[in-house]
Amino acid sequence: MMSQIVEKLENIVGRDWIITDIDQKLGYLYDEVEKTLRPKADENSIVVKPANTEEVSEIISTANDNGINVVVRGGGTGLCGGAIPVKESIVISMERFNKVVEVDLNNMTVTLEAGVTLFDLIEELDKYDGIGFPVHPGDEGAQIGGMAVTNAGGARAVRHGIMRNHIKGLEVVLPNGNILNLGGKLLKDNAGYNLMHLIIGSEGTLAVITKVILKIYPEDKHVATIAAAFETIDNASNAVLEILRSGVSPLAVEYQDKHINLETAEHLGLNWPLETGNADLMIIISEKEEDMLYSSTRKINDICRKNGCTEAVFAGKKQEQADLLAIRSGGYEVIKDIIADSFDMCVPPASMPAFFEDLGRIMKEYNTTTNITAHIADGNVHNDTVLVDGKIPEYAEEIKLKMYEACFKYGGTITGEHGIGKIRVEDLKLQKKEEELEIMKGIKAVFDPNSILNDGTVV
Ligand SMILES: Cc1cc2nc3c(=O)[nH]c(=O)nc-3n(C[C@H](O)[C@H](O)[C@H](O)COP(=O)(O)OP(=O)(O)OC[C@H]3O[C@@H](n4cnc5c(N)ncnc54)[C@H](O)[C@@H]3O)c2cc1C
C-alpha cells in the first residue's frame, strides 16, 4: 500500500521532499517523551515535506481516500508522544512552512506559517524595538503550529496566560482536504461556535494548522530575577500565594528542588548562588519603569523574608539572569535518565502547599523520592517516578494513581501543559466523565469521520 502512495506523494511535493530511507526517517519518528514512556513508531511510515497549504490539502485528501493515518510533525519537542506515528502513517513535516508572512504593528499581530519556530519568531520580533511575544515553553525549537495545537504554556503563563490567550486566527486543512480560515485580527467575534478554539489544544487530531495569527505586545524594558531559598517547599509556596495577592505581577515564578539546581549548575559549568534551604524559587519581574522594578523587588523580598526565606539574591545584569534561567530550564536534561514516569499535574494555585504535602506523604509511603520542578504560581507541577536499579519499579502504576487521586482532590488535572498525546489516553478516562469523553469523540467524528488524523491520540 505505502509504495503506491509514495508515487502519489511524489506527484504532489516532488521526489526531493519525501523520505523513505529508515536512517533519514528516524529523526522524524519520535518526540521528546522519555524513552521509558514512549510508544514504538511504525518505521514503515513515510515522511513528506509539503511547501504550501495546497500541497497539505492534496496529501490529506490522498490519505483520506486511501484510509492512511496522517501524523503532523512540528518541532518534535512534545512530551507525550503526540507526533509519534504508532501505526503506518504519512508523517507531514511542517519544516518548510517557515515564513513570517506579516508583522502588523497597527493591529499588533504577526501572521506566521505554522512551521516557524519559537526561536525564529523571537529573532524576527527583535527587529522591532520593544515588541515581543510572551508565551515561552522551554524549548525554542517548538513550532508555532505545534505550540498552538498543544496550547503551550510555559514560565510566563502567570502573567500572560497560554497560547489560547494570544491566538487570533488560524488557517487549517481539514481531514477531507478542505481549507478553512478561522478567526482573524478581530478583537471581538461572537459569530457561532468557536471552531478555532476547538482546534487549539486538539493535538493534531482535528485539523492541520498551516498558518497562525498571533497577538504581539510592547515589552517591558526593565527586567530582574530574584532567586530565593526556603527551608521547605511549603514555605516557598506560601510565599508565592502572598506575592500573587500583593498586587505585584511577576513575569514568572518558577520552583526547582535545590538538588536539581545544584546538579544542573555543575553540569552547565555555572554557579547556583543559593546555599541554604531545600526549596528554591526563581522570580522574574519586569516593569515599564526602573523605579517600579525596584519597588516590586522590595515587596517580593519582604514577602519572602516573612515566609521563612533563608537567603535571596538579586540578579539585574542580563548574563546573571540568563545563567539562572539556564539552570532552571536545564533541570530536565540532568534528571531525565533516571525517570520512569513523569507528570504534568496542575491544581488551583492555592492548593499547592497541600498538594506538595500529599506528594511528600506518597513518596514516603513507597520509600522513594520525586524530583520536582514547577511553574509554581500556575499550580503546575512537573515531578516524576524514578527508576529503581535502572528499572521501572513495580509500583509505578499504583503510585501514579495515588498522585492523580491527590490532584483530583483539589479539582486538578493530569496535564496542565503537555497534553494527552499517546501516553495518557487511558489516564484521561480517570479524570473525565464518560459523557464528556463521548462528546469529545463526537467532535472528532465530525471533523474526521475516517479517523485518519493522528489516530489513537487524545480520544
Ligand atoms: C525541555 C522542554 C521544555 C518544555 N517546556 C514546556 C513548557 O514549559 N510548557 C509547555 O506547554 N510545553 C513545554 N514543552 C513541550 C513542548 O515544547 C510543547 O508541547 C510544544 O508546544 C510542541 O510544539 P512542537 O512544534 O515541537 O510540536 P510536536 O512535538 O512536533 O507535536 C506536538 C503535537 O502537535 C501536533 N502538531 C504539530 N504541529 C502541528 C500542526 N501544524 N498542525 C496540526 N498538528 C500539529 C503533532 O501531531 C503532535 O500531536 C517542553 C518541551 C521540552 C523538550
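**Ground rules**

I am working with a predicted model, in which local features need pLDDT of at least 70 and side-chain atom pairs count only at pLDDT 80 or more, while totals for chains, interfaces and linings use all residues. Residues are numbered from 1 along each chain as its sequence is written, and side-chain values use heavy atoms, with hydrogens and water left out.

**Entry 1: domains**

I looked up the domain assignment to get my bearings. The protein chain is given domain 1 (2-93), domain 2 (100-218), domain 3 (222-329) and domain 4 (337-424); such bounds come from an automatic or database domain assignment. I then checked domain 1 against domain 2: their centres, taken over C-alpha atoms, are 23 Å apart. Domain 1 puts 13 residues into the contact and domain 2 puts in 14 residues. Contact here means heavy atoms within 4.5 Å.

**Entry 2: the second largest pocket**

My note on terms: on a 1 Å grid over the protein atoms alone, a pocket is an open set of points with protein on both sides within 12 Å along at least five of seven lines, a cavity is a set of points where a 1.4 Å probe fits but cannot get out, and lining residues have an atom within 4 Å of a point. Grid points are joined across faces, edges and corners, and a volume is the space filled by probe spheres set on the points.

The second largest pocket comes out at about 710 Å³. It has 29 lining residues, and G201, S202, E203, M440 and V458 are the closest to its centre. Where does the second largest pocket lie? Domain 2 and domain 4 both give residues to its lining, so the pocket lies between them.

I also asked which helices contribute. Helix 7 (195-199), helix 15 (425-431) and helix 16 (434-447) each supply at least two residues of this lining, and helix 16 has the largest share, with 3 residues. Helices (H or I, at least four residues) and strands (E, at least two) are DSSP runs, numbered from the N terminus. By residue type, I note 12 nonpolar, 12 polar and 5 charged in the lining of this pocket. In that count Ala, Val, Leu, Ile, Met, Phe, Trp, Tyr, Cys and Pro are nonpolar, Asp, Glu, Lys and Arg are charged, and the others, Gly among them, are polar.

**Entry 3: the cavity**

How many cavities of 30 Å³ or more does the whole structure hold? The search finds 1. The largest cavity holds about 30 Å³ of space. Its lining is made up of E254, Y255, Q256, N261, W272, D280, L281, M282 and R328. Strand 13 (252-257) and strand 14 (279-287) are the elements that give two or more residues to it. I count the types as 4 nonpolar, 2 polar and 3 charged.

**Entry 4: helix 9**

N261 from that cavity lining turns up again here. In helix 9 (residues 258-268) the buried residues are K258, I260, N261, T264 and A265. They cover an arc of only 160° around the axis, which puts them on the same side of helix 9; the arc is that of the directions from the helix axis to the C-beta atoms. E266 and H267 are exposed on the other side. I use buried for under 20% relative accessible area, exposed for over 50% and partly exposed in between (1.4 Å probe, protein chains only).

What covers the buried residues of helix 9? Strand 13 and strand 14 are among the elements that do, and so are strand 12 (222-230), helix 11 (318-329), helix 12 (331-335) and strand 18 (373-375). After helix 9 comes G269, with a positive phi near 70°.

Most residues other than glycine have a negative phi, and I found exceptions here. D389 has a positive phi near 50°. D389 sits in the loop between strand 20 (384-386) and helix 14 (396-409) and is exposed, at 74% relative accessible area. N454 is not a glycine either, and its phi is about 50°. N454 falls in the segment after helix 16 and is buried, at 2%.

**Entry 5: Y332**

Last, I looked at Y332 in helix 12. Y332 is partly exposed, at 29% relative accessible area. Leaving aside neighbours within four places in sequence, Y332 is in contact with E32, E34, L79 and I339.
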